[in-house]
Amino acid sequence: MSSFEEAETEETVTCLHLTFYHPGQGEKMMFRCLDFCRRQQLRADDTAKFGRDSSLCRYSLVDTRVSRIQFSLQFYRKLHSSEYTFEIKNLSKKTKLTVNQTELGYLNKIDLPWKCIICFGDYQILAEIQEGEAMDYFETHLHLAEAPILQERCLPSLQPIPENGISPSFLLDQGKSPTEIDENELC
């Protein structure tokens with residue numbers, strides 16, 4: 001047998017991709033302590049903490065409006081399942097945290113959906129879980145967004161309506177049947 005045939009099967013690692021955005025990120029550089037260049041491996045029993053205090057948080061945000069510990073992410077395996085996931089817990093007494101419009105107060109926690117948007121203050125974080133089989137560790141991969149993750153979408157046009165009362169866009173829409181679009185798609 002060749003060494004290739006005898007080699008252990010490589011297991012995939014669960015990776016949590018986090019894409020950060022803040023409207024003042026250009027001037028204030030609140031993400032300067034985050035490593036956007038590479039994946040970081042954490043032990044399965046580690047809690048990934050995010051906040052202002054770099055001595056307590058693995059992921060430090062340089063902003064006085066962020067709590068010392070803002071929130072945490074804990075990796076775990078679901079009961080009676082082989083599926084691994086994360087729970088998110090709000091650790092800020094002052095700021096509410098929202099996960100896909102679910103508001104979390106201090107010490108509230110929920111399972112992190114496989115794809116969701118986490119918000120607190122002016123911060124927006126897109127979280128996406130890439131599934132894996134490894135049970136001893138997981139990885140995080142941080143990204144920086146150039147534009148807001150959440151945007152006001154599908155707002156009606158503020159074009160003036162002509163005196164005849166018929167909007168030009170109304171004429172264009174005639175003959176089209178209604179279509180359903182995903183709330184995450186741009187109009």
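1. R43 stands opposite Y137 in β12. The two belong to a pairing of strand β2 (residues 39–43) with β12 that is antiparallel and runs over 5 bridges. Strands here are DSSP E runs of at least two residues, helices are H or I runs of at least four, and both are numbered from the N terminus. Two strands count as paired if DSSP finds at least two bridges between them.

2. The model is predicted: local features need pLDDT of at least 70 and side-chain atom pairs count only at pLDDT 80 or more, while totals for chains, interfaces and linings use all residues. Residues are numbered from 1 along each chain as its sequence is written, and side-chain values use heavy atoms, with hydrogens and water left out.

3. Strand β12 (residues 137–144) also pairs with strand β1 (residues 15–21), here in the parallel sense and over 6 bridges. Within this pairing, L16 has T140 of β12 as its bridge partner.

4. These strands belong to an open sheet of 7 strands with mixed pairing, in the order β2-β12-β1-β11-β10-β7-β8. Its edge strands, each pairing on one side only, are β2 and β8 (102–104). Neighbouring strands of this sheet are turned against each other by 25° on average, direction ignored; the axes are lines fitted to C-alpha atoms, for helices over the stretch in contact, and angles run from 0 to 180 degrees between N-to-C directions.

5. At the β8 end of that order, strand β7 (residues 97–99) runs antiparallel to β8 and is joined to it by 3 bridges. L97 is placed opposite L104 of β8.

6. A further open sheet has 5 strands, ordered β4-β3-β5-β6-β9, again with mixed pairing. Here β4 (59–60) and β9 (109–111) are the edge strands, each pairing on one side only. Strands β5 (residues 71–77) and β6 (residues 84–90) are antiparallel over 7 bridges, and F71 has N90 in β6 as its bridge partner.

7. The whole structure contains 13 aromatic pairs. Rings of Phe, Tyr and Trp (its six-membered ring) pair if their centres lie within 6.5 Å; planes under 30 degrees apart are stacked, over 60 edge-to-face, and the rest tilted. The F20 and F36 rings have centres 6.3 Å apart and planes at 75°, so this pair is edge-to-face. It links distant parts of the chain, 16 residues apart: F20 is in strand β1, and F36 is in the loop between α2 (25–28) and β2.

8. F20 also pairs with F50, in a tilted arrangement with 6.3 Å centre to centre and 35° between the planes. F50 lies in strand β3 (residues 47–51), 30 residues from F20. F20, F31, F36, F50, Y59, F71, F120 and Y123 form one aromatic cluster.

9. Are F20 and F50 buried or exposed? Both are buried, where buried means under 20% relative accessible area, exposed over 50% and partly exposed in between (1.4 Å probe, protein chains only). The relative accessible area of F20 is 0%, whereas F36, at 23%, is partly exposed.

10. The largest nonpolar core has 32 residues, and L18, F20, L73, I88, L112 and I118 have the most contacts inside it. Such a core is a set of buried Ala, Val, Leu, Ile, Met, Phe, Trp, Tyr and Cys residues joined through side-chain atoms within 4.5 Å. β1, β3, β5, β6, β7, β10 (115–120), β11 (123–130) and β12 each supply at least two of its residues. The largest share, 4 residues, comes from β11. Apart from this core lies another of 6 residues, including I117, C119, A145 and I149.
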